[in-house]
Amino acid sequence: MLLEVENLELAYGEVPACRDISFGVGEGEIVTLIGSNGAGKSTTLRGVAGAMLPRKGRILFNGEDVTRMPAHRRALAGVALVPEGRRVFPALTVRENLEMGGFKYRNNQGKIRTLIDRAMEMFPRLRERTGQRAGTLSGGEQQMLALSRALMSEPLLLCMDEPSLGLAPMVVQDIFRSIRAVNQAGTSVLLVEQNAHYALETASRGYVLQTGAIIASGSCDALKQDQRVKEAYLGRK
Ligand SMILES: Nc1ncnc2c1ncn2[C@@H]1O[C@H](COP(=O)(O)OP(=O)(O)O)[C@@H](O)[C@H]1O
Ligand SMILES: [Mg+2]
């Protein structure tokens, strides 16, 4: 396993937002965490990325215990987070946002240029908008930029928090196609989604979070047939 999370507990103050969370992401896999609003998905991702340190449990990444490792070191070790709401730097241009993502290679401008070229090949829309401030992009373009910015550090694990949020269905299709392409190029993906339809179509395995705990897990095909998942997350669609 590239990522192994064992019995993780994360809390804001006294109240635990996630309890006894255990899951893994294998090398080359796309794994999804699905669940409703407030289930603890973002909190779990913060734990994985090191933005929050756990009260209990253990996180192993790429053969190393990273449980107490701060976020910036975890980023250098190969964990990239695309946060909920994308959080591009609105006043910076598309290119400047990408350069920020390439902090790991700040002493190697050639490498940064190569990675920016690669991002723009993947998303030609970003090339057209290189000099435009990120705040003026559409939601879909901002998601493409946030994803590309995360890839500038050439992560081993890409963590995406609700990439579909607030985007039109056609744009969502584009984003999920890109996530699959990134995965096929060798990056493992941990995909957090409220939209179980998209998530279960994209990932190979999944875990269902409810009020801070994992209540079901399995292959996405099996989860699609799971009665609880059908009732709570897939509706009648
Ligand atoms: N910054 C915070 N301070 C206090 N409580 C929070 C904070 N962020 C989230 N929570 C609480 O933690 C729980 C899990 O939230 P979150 O991880 O954001 O869920 P999800 O991403 O699945 O919607 C919720 O009860 C939420 O209210
Ligand atoms: Mg969230």
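1. The strands form an open sheet of four, ordered β2-β1-β4-β5, with antiparallel pairing. Strands count as paired if DSSP finds at least two bridges between them. Strands (E, at least two residues) and helices (H or I, at least four) are DSSP runs, numbered from the N terminus. β2 (15-25) and β5 (64-65) are the edge strands, each with a single partner, so one side of each has no neighbour in the sheet.

2. This is a predicted model: local features need pLDDT of at least 70, side-chain atom pairs count only at pLDDT 80 or more, and totals for chains, interfaces and linings use all residues. Residues are numbered from 1 along each chain as its sequence is written, while chains are lettered from A and ligands numbered from 1 in the order in which they are written.

3. Strand β4 (residues 56-61) pairs with β5 over two bridges, in the antiparallel sense. F61 stands opposite E64 of β5.

4. Helix α3 (residues 94-101) and helix α6 (residues 139-151) have axes that come within 7 Å and cross at roughly 35°. Axes are lines fitted to C-alpha atoms, for helices over the stretch in contact, with angles from 0 to 180 degrees between N-to-C directions. V94, N97, L98, M100 and G101 in α3 meet L145, S148, R149 and A150 in α6. Contact means C-beta atoms, placed from the backbone, within 7 Å.

Notes. Contact = placed C-beta atoms within 7 Å.
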